[in-house]
Amino acid sequence: MTVVTKPKVVLGVSGGIAAYKACELLRRLTESGHDVRVVPTDSALHFVGAATWSALSGNPVSTEVWESVHEVPHVRIGQGADLVVVAPATADMLAKAAHGLADDLLTNTLLTARCPVVFAPAMHTEMWEHPATQENVATLRRRGAVVIEPAVGRLTGVDTGKGRLPDPAEIFEVCRRVLNRHSLARGVTTPDLAGRHVVVSAGGTREPLDPVRYLGNRSSGKQGYALAKAAAARGARVTLVEANTGIADPAGVDVVRVGTAVQLREAVLKAAADADAVVMAAAVADFRPAVYAPGKIKKKDDGGAPTIELVRNPDILAELSADRALPGQVVVGFAAETDDVLANGRAKLARKGCDLLVVNEVGERKTFGSEENEAVVLASDGAETPVPYGPKEALAETVWDLVLPRLRPST
Ligand code: CTP
């Protein structure tokens with residue numbers, strides 16, 4: 001008989017109003033087959049009581065190192081965990097974790113854990129933006145922890161801003177991916193993109209013609225979002241420059257919204273200044289109207305149609321490749337081709353000068369708007385990696401697997 005042991009997850013809850021949302025995260029974790037031990041702080045219990053955590057997890061709940069001392073839980077809980085997730089993580093908890101304080105069961109658990117650790121911060125915008133908190137977050141990330149970027153929206157009371165706990169479904173998704181990648185069988189304990197900054201562009205640019213019309217394309221942005229989420233789950237700090245996707249911000253990712261190719265170029269170059277890798281998954285319009293008509297272009301009485309003059313947009317991928325912001329920065333492009341897919345792909349790789357080019361064939365069920373994709377990843381060193389038809393998430397993982405060995409050594 002095979003005994004399947006459930007992955008052991010410690011859910012740390014620190015004292016913030018968002019503690020109630022951790023109940024939903026707990027439910028998702030237990031329902032998907034994880035053995036969850038909840039370790040709230042004393043102040044967390046002011047928001048949600050121990051009985052709720054215990055009933056939902058099916059495990060005992062303690063906050064103090066002095067409870068059940070004979071079992072030494074302050075050491076065991078951390079040592080035995082496959083993943084520790086702290087949600088919500090208050091500014092105080094991030095500070096304690098960054099400085100290695102250990103004055104209750106949760107902070108002791110964080111010090112003894114050798115598994116991946118995910119923090120989902122929630123606090124007021126001012127507290128999140130304070131240099132003390134930002135430095136603590138940077139310290140934790142440098143050490144390999146995944147710190148999810150807080151969401152923007154309504155905070156406690158009437159305030160709005162950055163600081164909301166991301167949706168529990170998103171936190172769960174990050175946990176699941178982190179756990180997948182760090183299955184004990186592989187013996188990997190630090191996320192492989194930890195300490196890295198990566199930039200991903202997604203979606204399709206729109207080039208305005210007049211106040212009601214634009215030149216656009218059919219890119220949905222799903223592949224770019226899959227890349228951003230996968231990199232975040234692998235521990236990277238991710239900047240996602242998105243154009244016209246309408247997709248909600250993924251947890252743990254800094255999203256910059258743009259409209260046109262020129263705006264996308266500016267945002268990508270800015271983010272690329274300190275990036276280890278840049279992936280251009282966006283469909284960038286090659287041309288834009290030479291003139292923007294400030295008023296709506298009207299039909300003419302003579303039945304004729306206007307002629308629209310176009311000018312070339314900058315080729316961002318070629319520029320990034322030719323003029324790397326940092327030595328050894330990895331640049332990845334995408335190419336959607338309809339004919340002579342591989343031959344065109346190879347020529348494009350050489351022309352653009354990038355390190356990797358993900359070439360996919362535009363077809364009925366593939367590429368635009370679909371959940372699936374099939375591709376060949378061409379490398380400048382001649383390597384070719386076919387990626388079979390499958391979810392865009394799988395292609396995203398393959399891209400990062402190929403980026404990883406090409407990254408410059410970590411600083
Ligand atoms: N790209 C870019 N800037 C542009 C156009 C495209 O950075 N102005 C990037 C895309 O993000 C993608 C790659 O270049 O990663 C491939 O774009 P594609 O439009 O296929 O390349 P082209 O050189 O325009 O080739 P073709 O004319 O064959 O379509």
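Here is a quick tour of the ligand site in this structure. The model is predicted: local features need pLDDT of at least 70, side-chain atom pairs count only at pLDDT 80 or more, and totals for chains, interfaces and linings use all residues. Residues are numbered from 1 along each chain as its sequence is written, and side-chain values use heavy atoms, with hydrogens and water left out.

**Around the ligand**
- The ligand is surrounded by 14 residues (a residue counts if one of its heavy atoms lies within 4 Å).
- Met 280, Ala 282, Leu 317, Phe 334 and Lys 348 are the closest of them.
- By class, that shell has eight nonpolar, one polar and five charged residues (Ala, Val, Leu, Ile, Met, Phe, Trp, Tyr, Cys and Pro count as nonpolar, Asp, Glu, Lys and Arg as charged, and the others, Gly among them, as polar).

**Polar contacts** (pairs of N or O atoms within 3.5 Å)
- Ala 282 has a backbone N or O atom 2.6 Å from a ligand oxygen.
- For Leu 317, a backbone N or O atom sits 2.7 Å from an oxygen of the ligand.
- Lys 352 brings in its side chain, with a polar atom 3.0 Å from a ligand oxygen.

**The pocket**
- The ligand sits in the largest pocket (more than half of its atoms lie within 2 Å of the pocket's grid points).
- A pocket here is an open set of points on a 1 Å grid over the protein atoms alone, where a 1.4 Å probe fits, with protein on both sides within 12 Å along at least five of seven lines; lining residues have an atom within 4 Å of a point.
- The lining takes in 39 residues, with Ala 282, Ala 283, Val 284, Phe 334 and Ala 336 nearest the centre.

How values were computed. Polar contact = N/O pair within 3.5 Å; in protein donor to acceptor, adjacent residues only side chain to side chain.
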